[in-house]
Amino acid sequence: MKKYILIPLLILSNFVLGQDSITYKYNVDLTGSMNNANNNQQNNIVFSTFNSVNWKKFETGMSTNYQLMTTNKNILINDFTLRVQPRIIDKNYSVFTFGQLSQLTSKKINQRIETGVGGGITTFRTKYLENTLSYGVLYYDNTYVDPTIINSGVRHSPRAQFFGEMKNYKLKYFVECLYQPKVGETSDYILMTKSWVKFDLNKLLGIKLQYTTAYESFFATGATNDIKNFLVGLNYSLN
């Protein structure tokens, strides 16, 4: 009888002791810019977060991104994106799936749903620089403000990333390029880039300079389909 009592206790103890291998990451960026020319004022703010839970080779990450851009108090961009991405990570490869939900007023899209799968590899790793290449395939569906516009389907999603750090200078850097042509209709594509440099002030805070571009070849009349941002702000990171 005692051995049957010990079984659930052993399972519970293994679970509790195994919690030591669980790690958490929390990252927050608040960046922005202000411009004024001939009394024309433009304000741009981007707030993004990334949280993840890691256990052995498994990671579940959730990220959010919000951008607000105004010109003379008129709203040009008011976009929000939520992304959840579970993945398996090894030293030289990763396998992932993801789901993403967006509200993109800049593109006159009430709701964009994306879900997909993919994998990536590390092509090289040096002291100061690392490169990863990945490929995914995703299904997307856009709900426009104008209900007569229909655009949904499947996209390829190749991505290239370069990143690294110089610990002696407390400097980190990152470059990414993402290209998403629609399957069977390559004239309909999305091209996005992101590059940033961060200088760590201490273990938690850093100063971040970031440049991003986002272009969509298919867009509704009056939408903003070509967005470029140069931003400066603060980063909070807890690992």
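1. The note opens at one residue of this predicted model: the side chain of Arg-155 forms a polar contact of 3.5 Å with the side chain of Tyr-140. A polar contact of 3.0 Å also links the side chains of Arg-155 and Asp-188. Arg-155 belongs to strand E8, which covers residues 150-166.

2. Is Arg-155 buried or exposed? Its relative accessibility is 3%, under the 20% limit, and Arg-155 therefore counts as buried. Leaving aside residues up to four places away in sequence, the residues that Arg-155 touches include Gly-136, Val-137, Leu-138 and Tyr-140. Also among them are Gln-180, Pro-181, Lys-182 and Val-183, as well as Asp-188, Tyr-189 and Ile-190.

3. Arg-155 and Asp-188 also meet through their side chains in a salt bridge, with an N to O distance of 3.0 Å. Because Arg-155 lies in strand E8 and Asp-188 in strand E10 (residues 185-200), this pair ties together parts that are 33 residues apart in sequence. Asp-188, at 3% relative accessibility, counts as buried.

4. A salt bridge also joins Glu-176 and Arg-159, whose closest N and O atoms are 2.7 Å apart. The pair links distant parts of the chain, with Glu-176 in strand E9 (residues 171-182) and Arg-159 in strand E8, 17 residues apart. Glu-176 has a relative accessible area of 14% and is buried, whereas Arg-159, with 22%, is partly exposed.

5. Which residue forms a salt bridge with Lys-228? The partner is Asp-226, and the closest N and O atoms of the pair are 3.1 Å apart. Lys-228 is partly exposed, its relative accessible area being 48%, and Asp-226 counts as partly exposed at 39% relative accessibility.

6. The structure holds 11 salt bridges. A network of salt bridges links Lys-172, Lys-198 and Asp-200. Side chains of opposite charge can pair when their charged atoms come close. For the protein chain as a whole, the mean positions of the 25 positive and 16 negative charges lie 9 Å apart.

7. As to the overall fold, the protein chain contains one helix and 12 strands. The C-alpha trace spans about 80 × 45 × 35 Å along its principal axes.

8. Of the 239 residues in the protein chain, 32% count as buried. Among contacts with a separation of 6 or more, 45% are between residues 24 or more positions apart. The accessible surface of the chain comes to about 14900 Å², and 64% of this belongs to carbon and sulfur atoms.

Note on methods: Residues are numbered from 1 along each chain as its sequence is written. This is a predicted model: local features need pLDDT of at least 70, side-chain atom pairs count only at pLDDT 80 or more; totals for chains, interfaces and linings use all residues. Side-chain values use heavy atoms; hydrogens and water are left out. Helices (H or I, at least four residues) and strands (E, at least two) are DSSP runs, numbered from the N terminus. Buried means under 20% relative accessible area, exposed over 50%, partly exposed in between (1.4 Å probe, protein chains only). Contact means heavy atoms within 4.5 Å. Accessible areas come from the Shrake-Rupley method with a 1.4 Å probe; for residues, only the protein chains shown count as cover. Lys and Arg count as positive and Asp and Glu as negative; His and the chain ends are not counted. The place of a charge is taken as NZ of Lys, CZ of Arg, CG of Asp or CD of Glu. A polar contact is a pair of N or O atoms within 3.5 Å; within protein, one must be able to donate a hydrogen and the other to accept it, and residues adjacent in sequence count only if both atoms are side-chain atoms. A salt bridge is a side-chain nitrogen of Lys or Arg within 4 Å of a carboxyl oxygen of Asp or Glu.
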